[in-house]
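Please read the report below with the sequence and the model open beside it.

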Amino acid sequence: MNDFITVIGGGLAGCEAAYQIAKAGIRVKLYEMKPVKFSEAHSSENLAEVVCSNSFKSNLLTNACGLLKEELRRLDSLLIRIADETQVPAGQALAVDRERFSRRVTEEIQGNPLIEVIHKEVEYVDCDEEFDSKNGIVIVATGPLTSEKLAKEISRITGEDKLYFYDAAAPIIAKDSINFDVAFYGNRYEQEKKKDESIEEWKDRQFKQEKSYINLPMNQEEYEKFWRELVEAEVVTLHDFEKREIFEGCMPVEVMAKRGIDTLRFGPLKPVGFDDLRTGKRPYAVVQLRQDNSEGTIYNIVGFQTNLKFGEQKRVFSMIPGLECAEFVKYGVMHRNTYINSTKLLDETYNLKSNNNIYFAGQITGVEGYVESISSGMVVALNAIMNFKGCNEKVIFSENTIIGSLARYISTENDKFQPMNANFGILPELGGKKIRDKKMRYNEFANRSLNSLHKQKNVTKILQEY
């Protein structure tokens, strides 16, 4: 038996798994193909590169992803700790400075004497001396952008065809190119003019608001002209081998717009909770920009993941009032994402049912999102530790926790399986009387989850022992 555990993939899940395993005193060989080879979407040489958005979503315990982050904090998650350390203002959300986040993770991983980082594209998992699962534990955490060669190998060892969906990243704008004669700072509902407040008093209050979001109001004529150009804009031609399947959780804005002229106004451009600086009244639609770095010099366009050609992005998005002279620091991109049919292949510990020494972690399993990927890396690490120590007991988190409910979701047979974010809908119902108030009900879910996590003896034992 090898005296180390192999982790393939230096993304969020792979880095979390490597850290937790090393914390238990076990050597780790972490394989990352960058900078030898980059995927279609990655550009940084650092580990744990954040690509699609800089937001780790809400921090509120009454939000499923917020609760998941709190569960991970209580389990000493490295990546959530670093996300907290590198956060930028984003209201109630946890958004990070992408560069600082990835750099800090890289420093922690490379500085750990028990973790050896090997920069190499892995092509095999279970058919050569280096990756023979008969002699050691292998964790596949290659993410949704798994290289073509390794994807074929994964298809071989799972006996299943690989699946695809698409993920799209939003453009990033330079703040100093935004027209603040139109734009204004602040969070939803804090923008509406108070009944007895003058326009001057309202403007002064907006100036003093936190600067995590910039809002761009549109009237009906501006919105409808923008919408027409958006639905007719040119998109990037996809390769023949790529299936046109789009995951609802990260839908390109132009696809959403084609569902109807008002779809965006009930989605990312909803005007509820805002007043237009120019009129003092509620606008017809609002585009939001969210701070993307610590310095507050760049902002991403919220909900504008896109597959438009770069020239079309410049032309169409510059039609948004306030972005007439926008400088695009980074254009939106669309790329292939790969995931396995986990409902047939994995158990609740992300362990391959056909091979006890192979685990999968991250979005390749069908958990969708940054925090969800970190969660899977945590579960895999704890179980790999138990396996390495020769213990037959598996660490299965309570289905009352978000960590456990996600693991249960991806391992429960489902003919219509698709990637899943953290949400309260996959938790068991609350016992007793139904609570109609949503916030109170979600608070009960949170209390039950954290109590269940606290009582989980095998998890506590592992964390205390190592």
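Is Ser405 buried or exposed? With a relative accessible area of 3%, Ser405 is buried, where buried means under 20% relative accessible area, exposed means over 50%, and partly exposed lies in between, for a 1.4 Å probe and protein chains only. Before going further, note that this is a predicted model, in which local features need pLDDT of at least 70 and side-chain atom pairs count only at pLDDT 80 or more, while totals for chains, interfaces and linings use all residues. Residues are numbered from 1 along each chain as its sequence is written, and side-chain values use heavy atoms, with hydrogens and water left out.

Ser405 has its place in helix α12, residues 402-410; helices (H or I, at least four residues) and strands (E, at least two) are DSSP runs, numbered from the N terminus. A polar atom of the Ser405 side chain lies 3.0 Å from the backbone oxygen of Ile402. Leaving aside residues up to four places away in sequence, Ser405 touches Ser398, Glu399, Ile426 and Leu427, where contact means heavy atoms within 4.5 Å.

Ser342, found in helix α10, is buried with a relative accessible area of 0%. With residues up to four places away in sequence again not counted, Ser342 touches Thr365, Gly366, Ile410, Ser411 and Phe417.

**Helix pairs**

Two packed helices are described by the angle between their axes and the distance between the axes. Here the axes are lines fitted to C-alpha atoms, for helices over the stretch in contact, and the angles run from 0 to 180 degrees between N-to-C directions.

| Helix pair | Angle | Distance between axes |
|---|---|---|
| α2 (residues 64-74) and α13 (residues 438-455) | about 20 degrees | 11 Å |
| α1 (residues 12-23) and α3 | roughly 115 degrees | within 8 Å |

The helices α1 and α3 are therefore roughly perpendicular, given that angles of 65 to 115 degrees count as roughly perpendicular, those under 35 as roughly parallel, those over 145 as roughly antiparallel and the rest as oblique. In this pair, Leu12, Cys15, Glu16, Tyr19 and Gln20 of α1 meet Leu78, Leu79 and Arg81 of α3. The residues of this contact divide into five nonpolar, one polar and two charged; Ala, Val, Leu, Ile, Met, Phe, Trp, Tyr, Cys and Pro count as nonpolar, Asp, Glu, Lys and Arg as charged, and the others, Gly among them, as polar.

The helices α2 and α13, by contrast, are roughly parallel to each other. On the side of α2, Leu67, Glu70, Glu71 and Arg74 take part, and they meet Phe445, Ala446, Ser449, Leu450 and Leu453 in α13. Sorted by kind, the residues of the contact between α2 and α13 are five nonpolar, one polar and three charged.

The N-terminal end of α3 is capped by Ser77, which has a side-chain oxygen 3.5 Å from the backbone nitrogen of Leu79. The buried residues of α3 are Leu78, Leu79, Ile80, Ile82 and Ala83.

**Helix α5 and its surroundings**

Which residues of helix α5 (residues 148-158) are buried? They are Leu150, Ala151, Glu153, Ile154, Ser155, Ile157 and Thr158, and the buried residues of α5 pack against β1 (4-8), β7 (137-140), α10 (342-345) and β16 (358-360). Ser155 counts as buried at 17% relative accessibility. Although Ser155 and Ile340 are 185 residues apart in sequence, they are 8.3 Å apart in space, C-alpha to C-alpha. After α5 comes Gly159, whose phi is positive, near 70 degrees.

**Backbone details**

Most residues other than glycine have a negative phi, and most peptide bonds are trans. Lys57, placed in strand β3, is not a glycine and yet has a positive phi of about 70 degrees; at 37% relative accessibility, Lys57 counts as partly exposed. Asp76, in the loop between α2 and α3 (78-85), also has a positive phi, near 60 degrees, in a residue other than glycine, and with a relative accessible area of 31% Asp76 is partly exposed.

Finally, the peptide bond that joins Lys34 and Pro35 is cis, with omega about 0 degrees, and Pro35 lies in the loop between β2 (27-32) and β3 (55-58).

Conventions:
A polar contact is a pair of N or O atoms within 3.5 Å; within protein, one must be able to donate a hydrogen and the other to accept it, and residues adjacent in sequence count only if both atoms are side-chain atoms.
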